[in-house]
Amino acid sequence: MSLRLSRAARPLTERWRNVPVEARGTTRLGISFRPLQAQAFGLESRATLDALLAHPYALIRLAALWDRMEPDPDVFDPSPLDWQVEAAERAGKQVILAVGAVKNFGYPEFFVPKHRLPVPLPEGTVVSEASHPELLEAALGFVARVVARYEGHESVVAWQVEHEAVDPLGIEHSWRLAAGFVKREMAEVRRLDPRRPIVLNGFLPMSAPVAAQQWWRTRDQGDSLSLAEEAAEIIGVDFYPCHALGAAGGFTAYMNAGEHDWPRRARRVVERAAARGRQLMISEGQAEPWEAVTTPPSPAGKAMASCPPERVIENYNRCLVLARKSGGALDAYLFWGAEYWLLRQRTGDASYLRAFQRILAGD
């Protein structure tokens, strides 16, 4: 692992054309779709999803965003998600449906309606049934409505409960959900649909400093990946080997995991999943830049240092090789950043999308 200081934008190269692609074997491929991110890029959400669904992968992860589906008290409006599920079904995809409720994937990762939370969650605390009983009751009600709405869709193959369920919410907030809060949501999902598995996902620290910080902040009840190993049928790993720490004076500081800088915990996760017969997936494999700003930049003729197009393939390769060498296998690999690929394509750079196509073709 190295801390590197460099300019964020660099000239595009053709390296993505020549990076070998690991054979995926039985690993299913897929993406996550973020309509809000598409909008932030100036893309039309429906057209973006249709374009992404045209590619031959198996899985897509969709999110039930609480504040979008419950815009007012006593209103449940599934239309923001219905069209996504229907489009996925028309394309013959299998769906992992992230039911939330409090946290879900895609910035800002917090989707509680304002009428459900009149006072912001207190920083530095663990949000539990005891501290926020009304929030838990409302969250269980929303989860139940989502499961009831989509349980009859055979395209839905798994439910995801919360997002990085018990970790602090990004860098903006320091509150966390209690493991008991999340387990109550999981129990409600299982009560309503005992036949489908539940996914819990967790961020895998790729450096000793980040791992130490995460351990310190979650030491009282463990982090999201530990909870996933304990309680979920499917363990989801969020894998980001290069991300910006901050920028100043035209330079950006990056935490960058080298080719062989795998924390021992990654191997242990694979080994334990294999030993227990649990499914293991990469729920988010970095395939777009993670820079020192919220929306990934897209400069003309350049690529961002945290994830140039060849890194889409390299990150994928590293995960498959690690799983194989650790005596396990990945059930699925979901690429994170598909909307960014279309933004790049619209501005004349199809290299990210073509790198993905190389992986799908297995060449």
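Me: Under which relative accessible area does a residue count as buried, and which two tyrosines are buried?
Reply: In this predicted model, buried means under 20% relative accessible area. Two residues that fall in this class are Tyr316 and Tyr333.

Me: Are the rings of Tyr316 and Tyr333 stacked or edge-to-face?
Reply: A search of the whole structure finds 18 aromatic pairs. In the pair of Tyr316 and Tyr333, the ring centres are 5.2 Å apart and the planes stand at 85°. Planes over 60 degrees apart count as edge-to-face. The angle of 85° therefore makes this pair edge-to-face.

Me: How many residues apart in sequence are the parts that the pair of Tyr316 and Tyr333 ties together?
Reply: Tyr316 belongs to helix H10 (residues 309-325). Tyr333 belongs to strand E15 (residues 332-336), so the pair ties together parts whose separation in sequence is 17 residues.

Me: Which residue has its charged end over the ring of Tyr57?
Reply: Tyr57 belongs to a cluster linked by ring pairs, together with Tyr316, Tyr333, Phe335, Trp341 and Phe356. At 4.1 Å from the centre of the Tyr57 ring sits the charged end of Lys93.

Me: At what distance from the ring centre of Trp216 does Arg219 lie?
Reply: A charge sits over a ring if NZ of Lys or CZ of Arg is within 6 Å of the ring centre and within 35 degrees of the ring normal. Arg219 lies over the face of Trp216, and its distance from the ring centre is 3.6 Å.

Me: Is Ala58 buried, partly exposed or exposed?
Reply: Ala58 is found in the loop between helix H2 (45-53) and strand E4 (59-63). Its relative accessibility is 26%.

Me: How far apart in space are Ala58 and Gln94, C-alpha to C-alpha?
Reply: Leaving aside neighbours within four places in sequence, the contacts of Ala58 are Arg28, Leu29, Lys93 and Gln94. Ala58 and Gln94 are 36 residues apart in sequence, while their C-alpha to C-alpha distance is 6.1 Å.

Me: Which residue in E12 is the bridge partner of Ala244?
Reply: E11 and strand E12 (residues 251-256) run antiparallel and are joined by six bridges. In E12, Ala244 has as its bridge partner Tyr254.

Technical notes:
Residues are numbered from 1 along each chain as its sequence is written. This is a predicted model: local features need pLDDT of at least 70, side-chain atom pairs count only at pLDDT 80 or more; totals for chains, interfaces and linings use all residues. Side-chain values use heavy atoms; hydrogens and water are left out. Two strands pair if DSSP finds at least two bridges between them. Helices (H or I, at least four residues) and strands (E, at least two) are DSSP runs, numbered from the N terminus. Rings of Phe, Tyr and Trp (its six-membered ring) pair if their centres lie within 6.5 Å; planes under 30 degrees apart count as stacked, over 60 as edge-to-face and the rest as tilted. Buried means under 20% relative accessible area, exposed over 50%, partly exposed in between (1.4 Å probe, protein chains only). Contact means heavy atoms within 4.5 Å.
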